[in-house]
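I opened this notebook to record what I looked up about charged pairs and helix packing. The entries follow the order in which I consulted the model.

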Amino acid sequence: MNPLRPLILAAAESPRLKRALTGIPVTADIVRRFVAGETRIDLIGVARTLLNSGRMVSVDFLGENTTDRNQAEATVAEYLSLINDLAALDRPVLPGIAVPPVEVSVKLSALGQALPVDGPAIATENLRILCTKAAQADVWVTVDAEDHTTTEATLATVRELRCEFPWLGAVLQAYLHRTESDCREMSGSGSRIRLCKGAYREPPEVAFQRASEVTDSYLRCLEVLMRGEGYPMVASHDPVPIAAAADLAAQRGRDADRFEYQMLYGIRSPEQQRLAAAGSAVRVYVPYGSQWYGYLTRRLAERPANLAFFLRALVSKS
């Protein structure tokens, strides 16, 4: 595991460092490698380019840990407008792939889950509003994972709304000890699970700490999903899980429209294009908005190459 990861994740929680970095004029230019921009107009241009390249998109309006009811309502309004704009995009035909090419990803804490009174219920109702709109627009919705303290409440909301919207996706993080069991529970017919390794700072009591342990857990969870009746979404840049997904899909007779690869905007773009050119379903996770600090620091913690790029850019621009 990257030895700097704990320090970078600690920085993600530092208001002082956040103020320092977000106050540097050159930072915005550097952030654009990983974030589509601060506005929906910026985002739509990026999404259009990705769709025209044969890839699909999952769009995240950045923000989390909302403790203000008005802010939660503003986030819902932004997502409703985003769904409209994504639905209006031309959708190139991808041979052999019939799933919706546009999706939104949303954190329940951005919808009010952390509000002091009735937070989970408010977030659930806000998510229902988004899912209703998305169903009308043929846009998928996936609920993002956050730190482990929110996992049970988040999955409870997903279970509840899947009664109305069986296509609602959920994210499971392989570094959590509980995730293999969650995969078994949630891999039934029609389900959609995005499996990622995990990006938050978690204690050893709930999460694997060594990179090899996380990879092993990912592979076990991936096998559970591939053997299940749902739609696995393989969210990884690691060549080992990517190769394992192809092997497992072949073993289970899964065609290209019965699972997909997912990667982050700005990371391993040539590999994204290679997989798409080979006929695989590839979806790019594209964030936008002004609340990029937490997202960026977690991306830096995941791969030393990302941190090196960021530091080189800072030096060259200063």
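**Notebook entries**

I noted that Arg178 counts as partly exposed because its relative accessibility is 30%; the scale takes buried as under 20% relative accessible area, exposed as over 50% and partly exposed as in between, with a 1.4 Å probe and protein chains only.

I recorded the basis of the work: this is a predicted model, in which local features need pLDDT of at least 70, side-chain atom pairs count only at pLDDT 80 or more, and totals for chains, interfaces and linings use all residues. Residues are numbered from 1 along each chain as its sequence is written, and side-chain values use heavy atoms, with hydrogens and water left out.

**Salt bridges**

I looked for the partner of Arg178 and found a salt bridge with Asp182, with 2.7 Å between the closest N and O atoms. A salt bridge here is a side-chain nitrogen of Lys or Arg within 4 Å of a carboxyl oxygen of Asp or Glu. Asp182 has 5% relative accessibility and therefore counts as buried.

I next checked Arg184, which forms a salt bridge with Glu180 at 3.0 Å between the closest N and O atoms. Both residues lie in helix α8 (residues 179–185), 4 residues apart, about one turn of the helix. Helices (H or I, at least four residues) and strands (E, at least two) are DSSP runs numbered from the N terminus. Arg184 is exposed, because its relative accessible area is 53%.

Asp60 lies in strand β1 (residues 56–61) and Lys107 in the loop between β2 (102–106) and α6 (119–137), so the pair ties together parts that are 47 residues apart in sequence. Asp60 and Lys107 are both buried. I also found Asp60 and Lys107 in a network of salt bridges with Glu103, Asp144, Arg192 and Arg194.

**Helix packing**

How do the axes of α6 and α7 cross, and at what angle? I found that the axes of α6 and helix α7 (residues 151–162) come within 10 Å and cross at roughly 40°. Axes are lines fitted to C-alpha atoms, for helices over the stretch in contact, and angles run from 0 to 180 degrees between N-to-C directions.

I listed the contact (heavy atoms within 4.5 Å): Pro120, Thr124, Leu127 and Arg128 of α6 meet Thr157, Glu160 and Leu161 of α7.
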